[in-house]
Amino acid sequence: ARLVNNALDFSRLEQGRKKFLREPLDLGGELSRLLDTQLPRFGEAGLALRREIPAAPLPATTDRDAFEQIVLNLLDNACKYAGAGGEVTVQLGPQAGASAELRVLDRGPGVPVEHRERIFEKFHRVDDTLTAEKHGAGLGLSIARQLARGLGGELRYEPRPGGGAAFILELP
């Protein structure tokens with residue numbers, strides 16, 4: 001279902017027809033709900049899912065479905081590629097100049113330097129044995145970035161200090 005939704009959203013985004021329904025949302029509450037739904041999957045992958053979410057509400061006016069799809073795409077990637085790292089940490093907090101910053105951090109192999117910007121291109125997959133063994137169309141990060149930008153935010157990658165990947169979503 002997620003792959004079909006990704007393909008449909010990809011088509012709408014490419015054609016500039018994606019409509020965003022912005023509404024008041026507690027990002028912390030919504031993120032906690034999403035993480036709860038992913039616990040069994042992370043457990044099956046042998047990954048601990050750690051959360052650093054403020055106890056106080058973190059309000060934003062955003063599109064709930066777009067936020068959910070971005071988060072699920074980032075979690076999907078972490079689950080696929082960070083299995084040997086043992087843990088994924090999701091951090092959420094207020095950010096100067098933005099309403100919030102979400103970080104999905106793993107201890108997997110990270111992204112090779114030459115692929116760090118290209119991972120956001122449609123259909124791009126890092127060409128090595130890691131991705132060859134994993135199913136996917138190479139659309140998740142492209143869609144996630146386009147959704148983030150459609151919301152007025154940004155999605156970027158940084159190597160995680162100590163090893164691994166850090167995907168950072170900034171929301172207005």
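Arg 149 and Glu 154 form a salt bridge in this predicted model, with the closest N and O atoms 3.2 Å apart. Arg 149 is partly exposed, at a relative accessible area of 46%, and Glu 154 is likewise partly exposed, at 24%. A further salt bridge joins Glu 158 to Arg 156. Here Glu 158 has a relative accessible area of 29% and is partly exposed, while Arg 156 counts as partly exposed at 24%.

In total, 14 salt bridges are counted. Among them is the pair formed by Asp 36 and Arg 51. This pair links distant parts of the chain, with Asp 36 in helix H2 (residues 27–44) and Arg 51 in strand S2, 15 residues apart. Asp 36 is partly exposed, with a relative accessible area of 43%; Arg 51 is also partly exposed, with 31%.

| Salt bridge | Closest N and O atoms |
|---|---|
| Asp 36 – Arg 51 | 2.7 Å |
| Arg 149 – Glu 154 | 3.2 Å |
| Glu 158 – Arg 156 | 3.3 Å |

Arg 51 also has a place in the strand pairing, where it stands opposite Val 90 in S4. Strand S2 (residues 48–52) runs parallel to strand S4 (residues 87–95), and 5 bridges join the two. The pairing of S4 with strand S5 (residues 98–106) is antiparallel and comprises 7 bridges. These two strands form a hairpin with 2 residues between them. Gly 97, in the turn, has a positive phi of about 85°.

Technical notes:
Residues are numbered from 1 along each chain as its sequence is written. This is a predicted model: local features need pLDDT of at least 70, side-chain atom pairs count only at pLDDT 80 or more; totals for chains, interfaces and linings use all residues. Side-chain values use heavy atoms; hydrogens and water are left out. Two strands pair if DSSP finds at least two bridges between them. Helices (H or I, at least four residues) and strands (E, at least two) are DSSP runs, numbered from the N terminus. A salt bridge is a side-chain nitrogen of Lys or Arg within 4 Å of a carboxyl oxygen of Asp or Glu. Buried means under 20% relative accessible area, exposed over 50%, partly exposed in between (1.4 Å probe, protein chains only).
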